[in-house]
Amino acid sequence: MSDRIIVMNRGDTYKFTLCIANGLSDIEEDGTVSETERYMMREGDTLFFGLMEPHQRFEDAILKKSYLPADMDSSGYVQIDIKPADTINPEPCVYYYAIKLR
C-alpha cells in the first residue's frame, strides 16, 4: 500500500498490516509508529475495515471486516486480509476505505 492507496483487481487477494497510534502526534513523518506509541487493543475493542462506494456511509459498506484483540500480534499489528470472494462482485470502480476502532 503506497500513499494509502490500494490498487487491486477484482478477485485478487490483498493483505496488509496496520498498527494504531496512541495519538496523531505519535505518527512519525514517514507514517510509521514507534513500538512504544502503538495502541494495543483491549478486551471490548473491535477494529473495522470498510470498503465503500463514493459517498456511501461506512455502515452500508460493500465489504466490512472486523478484528478483535486476538487478531493483533504482540508488536501491535493487525493483518487486514482481503480474499478473492470479497472482491469478486463489485464492479470495477474507484472505491474508498475506512478503518475504525470501537
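Me: Contact means heavy atoms within 4.5 Å. With that in hand, what share of the contacts with a separation of 6 or more comes from residues 24 or more positions apart?

Reply: In the protein chain, that share is 61%. Before going on: this is a predicted model, where local features need pLDDT of at least 70 and side-chain atom pairs count only at pLDDT 80 or more, while totals for chains, interfaces and linings use all residues. Residues are numbered from 1 along each chain as its sequence is written, and side-chain values use heavy atoms, leaving out hydrogens and water.

Me: How many helices and strands does the protein chain hold?

Reply: There are 1 helix and 6 strands, in the pattern β-β-β-β-β-α-β along the sequence. Both are DSSP runs numbered from the N terminus: helices are H or I with at least four residues, strands E with at least two.

Me: What makes strand 4 and strand 6 the edge strands?

Reply: Pairing takes at least two bridges found by DSSP between two strands. The open sheet of 3 strands runs in the order 4-3-6, with antiparallel pairing. Strand 4 (63-67) and strand 6 (96-101) each pair on one side only. Strand 3 (residues 47-52) and strand 6 have 6 bridges, so they clear the cut-off of at least two. Leu47 stands opposite Leu101 in strand 6.

Me: Why is the pair of Phe16 and Phe49 called edge-to-face?

Reply: Rings of Phe, Tyr and Trp (its six-membered ring) pair if their centres lie within 6.5 Å; planes under 30 degrees apart are stacked, over 60 edge-to-face, and the rest tilted. Phe16 and Phe49 sit 6.0 Å centre to centre with 65 degrees between the planes, so edge-to-face it is. Phe16 lies in strand 1 (residues 14-21) and Phe49 in strand 3, so this pair ties together parts 33 residues apart in sequence.

Me: And what makes Phe49 and Tyr97 stacked?

Reply: Here the centres are 5.8 Å apart and the planes 25 degrees, so the pair falls under the 30 degrees for stacked. Since Tyr97 belongs to strand 6 and Phe49 to strand 3, the tie spans 48 residues in sequence. Tyr14, Phe16, Phe49 and Tyr97 form one aromatic cluster.

Me: How do you know whether Phe49 and Tyr97 are buried, exposed or partly exposed?

Reply: Buried means under 20% relative accessible area, exposed over 50%, and partly exposed in between (1.4 Å probe, protein chains only). Phe49 has 0%, so Phe49 counts as buried. Tyr97 has 25%, so Tyr97 is partly exposed. Of the 102 residues in the protein chain, 32% count as buried.
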